[in-house]
Every structure is written in C-alpha cells, then in structure tokens.
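Subject: Handover of a structure and notes on it

Dear colleague,

Please find the structure below, together with its sequence. I would be grateful if you could read the notes alongside it.

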Amino acid sequence: MADVDQGSVLPSETSPLILDGLNSTDSNGTDAVNATVAKFVATPEGTALAYGSLVFMALLPIFFGALRSVNCGKSKNSSDMPETITGRDAARFPIIASCTLFGLYLFFKIFSQEYINLLLSMYFFVLGILALSHTMSPFMNRIFPANIPIKQYQLLFTQGSGETKEEIVNYEFDTKDMICLVISTVVGVWYILKKHWIANNLFGLAFALNGVELLHLNNVSTGCILLGGLFVYDVFWVFGTNVMVTVAKSFEAPIKLVFPQDLFEKGLGANQFAMLGLGDIVIPGNCLMFSLYPAPSSLKKNTRTYFYTSFLAYIFGLGMTIWVMHTFKHAQPALLYLVPACIGFPVVVALLKGELTEMFRYEEVSPEDAAAKEEITEAEKKDK
C-alpha cells in the first residue's frame, strides 16, 4: 500500500495538443515550450486511439483481477487469501500517499533525476518480474503441455540452528513457475535497457492486476472512506500544486500506463504519450471487486448487478476525465470524476431496489470466521 498513486490522466504534452519531445513542465505544471524541438500536432485519430487504448487497458486488470480475487477469497488456504483493507487503513492511506508523493517530489528537486530513476528502475525491475510471473501463472497452467514433466522446487532460507531455527523465506515453485519467471525476466531486461512503452505497460498491467487481486475491502463504508480521502488527495495535488504532474513526468517507473498519440506517424518508436496512473485503476478496482464477493441472501441475487453497474460507472468516470482533459488542455485528477461515479451509480441502484441499508451493513468475513459463525448458528438451533 506504500506505492504512490500517480493519480491523474495526463494529456501528454498539450498546448493545445501540441507536443514537444522533452516532457518538460514549468512551475505551474503546464508544458514548457522548447523552441529547439520540432512540435508535433496529434491527429484526431492518434488521440482517439491513445485514449481509447488507455480505457481498455484500465478495464483489463479491474475485470480479471476482481475475478481472480474472488477465487482467492474462496480458497481454504489462508496464504492465498487477499489482504483486507480496514477502515483505519483507508483513512490513513491518503496521508501516507501524500507524504510519499511529496517526498519523491523533493528527491527529484534536490538530487539528480538520472540516479534516482536508476535506483527506482532496479527496484521495479525486481518487483515487475515477480508481479508479471504471478500474473502469467494461471494462463501458464492452462496452456502448459501435459506431456512435459513438472518438477517441484523449494527456495528455503533459515536463520539459526536447532530449536532456534527460524524460516525467513520458504517459497515453493515448479517448472511452470520457472518458465513464467524466465519470460518475465526477458521483459524486465527489455524495460531496463530500452524503457519501451510496451514493456512499461506489461509491468504496469501486472502491478494493477495484482493490486486488485491481492487487496480487498471489508465493507462498503471502507470503500467510501478510501475513495473520499483519495478524492481530496488527487484534487489537491493536481489542481493545488504542480507536485503530481512533476513527479508523474519525472518518475521513470512502470507505475502508469502509457500509450503514444503519434503511433501512426512513428510506429512502435513513438514517444508522445498520454498516461494514466495505476492508482486510478487499483483503488476503484478494489471497490468494484467488493460487489463480487458472496453477499447476504437479501443481496446475493443482485451481486452481479452491482458489479456491472460499478464497472459501467468506472467507464463513465474515466471517459468524463478524458473529455474534460481534452477540452481544457490540462491534466485532470481522474478520481475527481471516478469517485462520484463509482459511489453514486451503485447507491442509486441500491435505492431503486430498496437495498441501501443492507448494502452498507454487509461486511466481508474470512472463510474461517464464516465457518465459525455457521457452527455457532447450528449449535443455537440444536439448543432450541
């Protein structure tokens, strides 16, 4: 949860939709004009392709991450259970994110951007390999040839000896995991050497999918607290300061999805990007995912209804962000539009169905707690 939310859709280099190749910004967060660099005017087709691709890429980790999270939630293995975000975590997260964001801003102002990004690149190189391997694992299980023997491996690090022996790392994996790791390492080397936008997006999508899959909310109120806090965070750091835009453009790490607006002109070597921060995918995605979890009998028949409603709300909010950004030629805090949509749409549906009270009362519990409650209920029935 310590990753900073680069929470805005940035209109690449706009003035208006005139792009330069330096990704530079002035003190107000608007694009500085470099007279020595030839300007590029994005075509309507290129702009539409870039923004449409960002929306499509944003939907992939939300949809598949939510489905995978539900499967993890049904697992009886506690190690496979997603981490739950409580109300206290939700309240503290915008503060932690603000401190992290401003700290990065100061680092980029004080120290050399080149060395900072070198350290960050190595850090995200390792994280990206692990995230991409985890993302690929279910697909590899489906396509792996049955006639190839699967060998089991174990990576074990311990500390001490005898009775004081303590496990530090105990990781079990097999041949399929090794193949995923090799493929992910190739992508990682490609990213380190070339910083290519496709490699960036592969890592970014993996981070986003893992974020949606491995984190989830325990109730609707927690989601409202989290979205509300980040709503203020996003608006303040984008409109109130130039911090968000400066960090997003200086931070060379796969924490944002990018797509070139000059793809038709330069092909895969394009370099004028529109971008979307992973925080604008993972945070709303966690809230959408909650509507897929097993619900009380009064809500169970409508669980999919709430998920699809929230999914459409996300598309509407992201589309509104892009429209406003394109109209006013200024970076927009995506959560300014996503939060009202992702909260408002399901609430309206719940009101129309007369289920608003049940929706806010429902709280997700672990399989162990659910089993314990069932045992208590059955015991009470027998006593009666």
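This is a predicted model: local features need pLDDT of at least 70, side-chain atom pairs count only at pLDDT 80 or more; totals for chains, interfaces and linings use all residues.

Residues are numbered from 1 along each chain as its sequence is written, and side-chain values use heavy atoms, with hydrogens and water left out.

The chain as a whole

The chain has 14 helices and nine strands (DSSP runs numbered from the N terminus, H or I of at least four residues for helices and E of at least two for strands). Of its 384 residues, 48% are buried (under 20% relative accessible area with a 1.4 Å probe, protein chains only; exposed is over 50%, and partly exposed lies in between). The accessible surface is about 19,600 Å², and carbon and sulfur atoms hold 64% of that area (Shrake-Rupley method, 1.4 Å probe). Among contacts with a separation of 6 or more, 75% join residues 24 or more positions apart (contact means heavy atoms within 4.5 Å).

Two helix pairs

Helix α2 (residues 87-110) packs on helix α6 (residues 220-240) at an angle of about 20 degrees, with the axes 7 Å apart (axes are lines fitted to C-alpha atoms over the stretch in contact, and angles run from 0 to 180 degrees between N-to-C directions). The two helices are therefore roughly parallel (under 35 degrees; over 145 is roughly antiparallel, 65 to 115 roughly perpendicular, and the rest oblique). Residues in this contact include Phe-93 and Leu-101 of α2 and Tyr-233 and Trp-237 of α6. By class, the contact has twelve nonpolar, four polar and no charged residues (Ala, Val, Leu, Ile, Met, Phe, Trp, Tyr, Cys and Pro are nonpolar, Asp, Glu, Lys and Arg charged, and the others, Gly among them, polar).

Helix α3 (residues 113-143) and helix α4 (residues 175-194) pack at about 140 degrees, with their axes 8 Å apart. That angle makes α3 oblique to α4. Among the residues in contact are Phe-125 and Met-136 of α3 and Ile-183 and Val-187 of α4. This contact divides into 13 nonpolar, seven polar and two charged residues.

Two single residues

Lys-195 lies in the loop between α4 and α5 (197-214). Its phi is near 50 degrees, a positive value in a residue other than glycine. Lys-195 counts as partly exposed because its relative accessibility is 31%.

Glu-45 belongs to helix α1 (residues 44-74) and is exposed, with a relative accessible area of 52%. Glu-45 and Phe-264 are 219 residues apart in sequence, yet 8.5 Å apart in space, C-alpha to C-alpha.

Yours sincerely
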